[in-house]
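Me: I would like to learn how to read a model like this one. Please take it feature by feature.

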Amino acid sequence: MREMSVVVIARRVGAGLLFMLFAAAASAQAAGEAIEVESAWARASAGAGRTGVVYVRLVNRGGTADALLGAETARAERAALHEHRHEGEVMKMRPVPRIEIPPGATIELKPGHRHIMLFGLAKPLDEGESFVVTLLLESAGALEVTVQVAGVAAMGPGEEHKAHDDHD
Ligand SMILES: [Cu+2]
């Protein structure tokens with residue numbers, strides 16, 4: 001039921017906005033080294049549900065601010081940045097247009113907070129597999145990351161050591 005309301009909200013944002021975000025990211029392909037991806041993981045999708053959730057931890061090693069504007073992946077029809085908000089006793093998700101990454105900052109998307117929502121999964125995200133997500137950054141441009149799929153209720157990547165090894 002919660003998922004349904006999210007879809008309705010996201011549809012209101014519309015394809016036009018997404019296109020603008022992609023265009024902005026594509027026109028700003030410079031200084032791609034400044035943003036480092038420390039971890040990228042997803043929860044296994046639930047049953048026949050066609051939504052998924054991706055979490056990343058990003059570090060801005062450059063001297064200028066950047067921002068995460070969106071994401072895309074071949075595994076889903078659409079991806080959106082979301083945040084959780086308490087409204088009374090109800091936890092709701094809503095789209096956010098951007099996530100700021102100030103110089104020197106570490107930004108962590110994690111369960112219960114901000115995340116990348118995937119809509120229209122072509123097939124389930126299975127625990128143990130991995131897939132590619134392209135992060136769209138305002139300054140750094142398009143950044144491809146490999147996302148490891150953890151358990152359906154995982155609170156962390158669970159394979160952090162492996163993720164770190166991949167960087168070296
Ligand atoms: Cu969401």
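Me: What should I know about the model before reading it?

Reply: This is a predicted model, in which local features need pLDDT of at least 70 and side-chain atom pairs count only at pLDDT 80 or more, while totals for chains, interfaces and linings use all residues. Residues are numbered from 1 along each chain as its sequence is written.

Me: How many helices and strands does the protein have?

Reply: Helices (H or I, at least four residues) and strands (E, at least two) are DSSP runs, numbered from the N terminus. Here there are two helices and 10 strands. Their order along the sequence is α-β-β-β-β-β-β-β-β-β-β-α.

Me: Which strands pair with strand 9, and in what sense?

Reply: Two strands pair if DSSP finds at least two bridges between them. Strand 9 (residues 130-137) pairs with strand 3 (residues 66-72) in the antiparallel sense, over four bridges. In that pairing, T134 of strand 9 stands opposite E72. Strand 9 also pairs with strand 10 (residues 141-150), again in the antiparallel sense, over eight bridges. Between strand 9 and strand 10 there is a hairpin of three residues. L135 has L143 of strand 10 as its bridge partner, and L136 stands opposite A142 in strand 10.

Me: Which strand runs parallel to strand 10?

Reply: Strand 1 runs parallel to strand 10, and three bridges join them. W41 stands opposite Q148 in strand 10.

Me: What share of the residues is buried?

Reply: A residue is buried if 20 or more other C-beta atoms lie within 10 Å of its own, exposed if 12 or fewer, and partly exposed in between, with C-beta atoms placed from the backbone. By that count, 29% of the 168 residues are buried.

Me: Which residues touch the most other members of the largest nonpolar core?

Reply: In soluble globular proteins, nonpolar side chains tend to be buried together. A nonpolar core is a set of buried Ala, Val, Leu, Ile, Met, Phe, Trp, Tyr and Cys residues joined through C-beta atoms within 7 Å. The largest one here has 31 residues, and V54, V56, I116, V133, L135 and V147 touch the most other members. Elements giving two or more residues to this core include strand 1 (35-43), strand 2 (51-60), strand 4 (76-87) and strand 8. Strand 9 gives the most, five residues.

Me: Which residues does L135 touch?

Reply: Two residues are in contact if their C-beta atoms, placed from the backbone, lie within 7 Å. Leaving out residues up to four places away in sequence, L135 touches V56, L68, A71, L143 and V145. For the whole protein, among contacts between residues at least 6 apart in sequence, 72% join residues at least 24 apart.

Me: Why does I99 count as partly exposed?

Reply: I99 counts as partly exposed because it has 19 C-beta neighbours inside 10 Å. I99 is in strand 6 (residues 99-101). Residues up to four places away aside, I99 touches A67, L68, L81, I107 and R114.

Me: Where does P111 lie?

Reply: P111 is in the loop between strand 7 (106-108) and strand 8 (115-121). P111 counts as partly exposed because it has 13 C-beta neighbours inside 10 Å. Its C-alpha atom is separated by 7.7 Å from that of Y55, 56 residues apart along the chain.
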